[in-house]
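The following text walks through a structure, starting at a single pairing and widening from there. Please keep the sequence and the 3D view at hand while reading.

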Amino acid sequence: MTTNTPLYTGADWDYPLIKKAFDAIERVAIDEMGLDPYPSQVEIISSEQMLDAYSSMGMPLFYRHWSFGKHFARDEMYYRKGMTGLAYEIVINSNPCLCYIMEENTMTMQTLVMAHAAFGHSHFFKNNHLFRSWTDAEGILDYLDFAKAYVAECEERYGLREVERVLDAAHALMSHGVHRYPRRQPLNLHQEMQRKKERRRYEEQTFSDLWRTLPQRTGGPAPRERALDERREALGLPEENLLYFLEKRAPRLQHWQREILRIVRVVSQYFYPQKQTKVMNEGCATAVHYHLMTRLHETGRLTDGAFMEFLHHHTNVVFQPEYDDPRFSGINPYALGFNILQDLKRMCLNPTEEDRRWFPDIAGNGDFLGTWKQAWTEYRDESFILQFLGPKVMRDMRLFSVRDDADEANLVVEAIHDDGGYRDVRRALSAQYDLARHEPDIQVVDVDLSGDRRLILEHRVVDGRLLEASDARQVLRHLATLWGYGVKLHEVDARTDQVLNEFPEVAPAAD
Amino acid sequence: MVNIVDRRLNPKDKSLANRQRFIGRARRQILDAVRDVSARRKVADIGQGGEEISIPTDGLQEPGFRKDGGKGLRRHVVPGNKQYVAGDAIARPEGGPGQGGRGGSPQGEGEDAFQFTVSRDEFLDLFFENLELPDLVRTQLTKVEQQGLQRAGYSVSGSPSNLNLARTMRNSLSRRLALKRPRREETRALDEEIDRLERSGKDPERLRALIRLREEQVVRAKRIPYIDPIDLRYNRFDPVPKPISQAVMFCLMDVSGSMTEDMKDLAKRFFMLLYLFLQRRYQHVDIVFIRHTHIAQEVDEDTFFYSRETGGTLVSPALEEMERVLRERYDPADWNIYAAQASDGDNTPADNPAVVDLMESVILPVCRYFAYIEVAEERGWEMTTDLWQVYERLVKAGRPLAMRKVKSRADIFPVFRDLFTPVELRR
């Protein structure tokens, strides 16, 4: 290989330099690492535009709502006061993958950011199974464009206030507007016949005349019960996607209101994989940029100075304050993800005895890139941690698990980073990233459409964790607005079915 | 494969519409906060740059179903263990950082106050919401006009000082090109060649042809001037009527012993609000401070508000002083004149006729608006003062005079709004 000249020397950047750096990164990323990202579009923006992008969920275009203005006002104040910095980049899960980079960045930062976003995140977006099955990278920008125009048109036609009412309510239910599992497709006639035939055949094969002699159970379920079951069946209850249910079933919504619910639901669904893969996504991007930058430096494309600058930023990004540090605000997903991936790499290349015990499949397989890529493709945070968090990372980060029972006076350390505790710590940490445990499990369980039309929700309480009451009451008000009739919510212990708490029925506000 | 796009020149403030929706939604709270700020702070600070305000969050929360942070059983995994082993009990921390730092706050009640910054313009807009200059002023404002000049394209005649060089030279160049006026380089090349041929003596045929060509060129260059009068273009200006965009504001204040510091403070606030208001309407606002006891003089701002004078109370000298300043510096034809007077209402009864006379004949005819506020300490009973009675008569006569009583800081804003609310919006 010929001796390489550095890509750039100063801190200043211009287009040819950015292009050159991008091409150099691309060669390493595609040819050496075998990454498979979307094609990229790098967009250079100013800090104000970054703030703009912040406020509307990081998307380049979005419908209008006061809450984004509120976020903007707060972010702007924090930024102006110097309380928070801005992100160095924003990356959008779309095809082509949009990467926003800031004009204030130095050339090293731009290189780092492109490696991080245009290759790390982009590869993850394109390959992770959650994103593949739940998001539509091709269509999202067009859809948001449609959504923005649609909401604007509704505002014109029905008035700001009316649209705001629907959006407010929809936003309150946003985290309960996602499908967590693929839905069962309704059978068509052909399939139904097929099934009937199969069942008939099975019955014929297993026919035994003896059953006839058993005494018949009289009555079956009480007629009232049966009616209830039929009703639920007809409405597809129980249903945990509240926005979906309202969109399809709410009796008093106008067509445009349903469409707005749908927009919010689609956006929520689009972001749902991101919520489930914070650690992996950031870990992937961080490990990728670290690998790429190191390779560029090794091949002489980065000067020592630039590499030092990169290391400085990189260490800031993966810094994990300890629990008693005033800067502590939870586990840094960049740090955790990066540590796990680096540990995987170490296991693949230089396994210890311990690694062979813990990860017999991976230890010493020599192919860390393959191991990484498989992890990035097939896991989400919860399963990724459960699968790949090794004892060394737990020791290095000195992780320990604490039990916090509101009924007890003290917190109790349940497990620490020792032989007896590794698995418990890992399980607890994994559960911490399980969104299904994190977010309350609330379902529509019953509604009598031909009767009083009261909507009944149930919160299945796990570990005694009831809903925050004042917020819940507000959400119920929003819910009643959309439903148009009374709404009731009761909280039921998931294990014993015992009713723990009941919210009084909320009637829709008269307007 | 990569596309690099520069978005920096794209329109900024993409979230402006969101911000307006937010401010619209929080209007009531923000208005309260703005009023609070105006009552609490030095008025001189108001509207200097953005204002940071804090508003209660009712109606601004974004609720969602979430689990209560203080109930049930949770497990936290945190980094940085130093001394604990399994089974250790830790006392529950009191809201501090550390154990379960993530647990408490995000799921908790959320903020009860929301802090943010409103820009100067937004602040003033809210501050002056629904306020309009009084009818009289509005009509006058549109009527009072000044002749101004406005660019109106080009003309072929004009004064040399208005000559538009770029246009002229462009015309000249295109004319020269069109008529094929020989260029200087061509002539020079021709000269050189003639020179060379003459010296060498070769090719006399060609030499003759060249000399003929050269002569033709000289004639042509003479006939086609470098700049012709038809090339000339002048900037054209049309006279247009322009509204007067400057205003002067007279602040009159009684500083005699009967005015306490509190009263002066109230007066100051009123003056500053008026100043802010005028500043929004006019490009340039002058302020003249006139204080008076039994004598009146024009002073600077500090003296006006902070130095003490003793003496009797006569209002007419102040009006006379104002009239003098007007005569000397502010021609009503060029300036919009506003006056605000603050007083505790004392006047020597013998002076009242003089005041009425001055106001009616001199001051009010030239003033767009004359605002009088009577500052009074909380007395518990209403007492009609001399000056109030005098001015009340003027108001009844339909003069552009507004008057109000102010007792405390919090009164300032409503009074101010009241004074300048358009009639049709008044209840």
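This is a predicted model: local features need pLDDT of at least 70, side-chain atom pairs count only at pLDDT 80 or more; totals for chains, interfaces and linings use all residues.

Which residue of β3(B) is the bridge partner of A:S401? The partner is B:V77. Strand β3 of chain B covers residues 73-78. Because five of its six residues are buried, this strand is largely enclosed by the rest of the structure.

On one side, 58 residues of chain B take part, and they are in contact with 81 residues of chain A. Several elements of chain B each supply at least two residues to the side that touches chain A: the strands β1 (3-6), β3, β4 (89-91) and β5 (113-118), together with the helices α1 (16-25) and α3 (101-107). Sorted by class, that side of chain B holds 21 nonpolar, 19 polar and 18 charged residues.

Chain B as a whole has 427 residues, of which 27% count as buried. Its secondary structure consists of 14 helices and 13 strands. Taking the contacts in chain B with a separation of 6 or more, 80% are between residues 24 or more positions apart.

The next topic is nonpolar packing. The largest nonpolar core has 150 residues, and the members that touch the most others in it are A:I25, A:C99 and A:M114. Helix α4 of chain A, residues 107-127, gives this core its largest share, 11 residues. Leaving out residues up to four places away in sequence, A:M114 touches A:A21, A:F22, A:I25, A:V42 and A:C99. Another core lies apart from this one; it has 54 residues, including B:L274, B:A296, B:L314 and B:M359.

A last element to look at is helix α14 of chain A, which spans residues 333-349. From its first C-alpha to its last, this helix of 17 residues reaches 24 Å, close to the 24 Å expected at 1.5 Å a residue.

Methods: Residues are numbered from 1 along each chain as its sequence is written. Chains are lettered from A and ligands numbered from 1 in the order in which they are written. Helices (H or I, at least four residues) and strands (E, at least two) are DSSP runs, numbered from the N terminus. The expected span of a helix is 1.5 Å times one less than its number of residues. A residue is buried if 20 or more other C-beta atoms lie within 10 Å of its own, exposed if 12 or fewer, and partly exposed in between; C-beta atoms are placed from the backbone. Two strands pair if DSSP finds at least two bridges between them. A nonpolar core is a set of buried Ala, Val, Leu, Ile, Met, Phe, Trp, Tyr and Cys residues joined through C-beta atoms within 7 Å. Two residues are in contact if their C-beta atoms, placed from the backbone, lie within 7 Å. Ala, Val, Leu, Ile, Met, Phe, Trp, Tyr, Cys and Pro count as nonpolar, Asp, Glu, Lys and Arg as charged, and the others, Gly among them, as polar.
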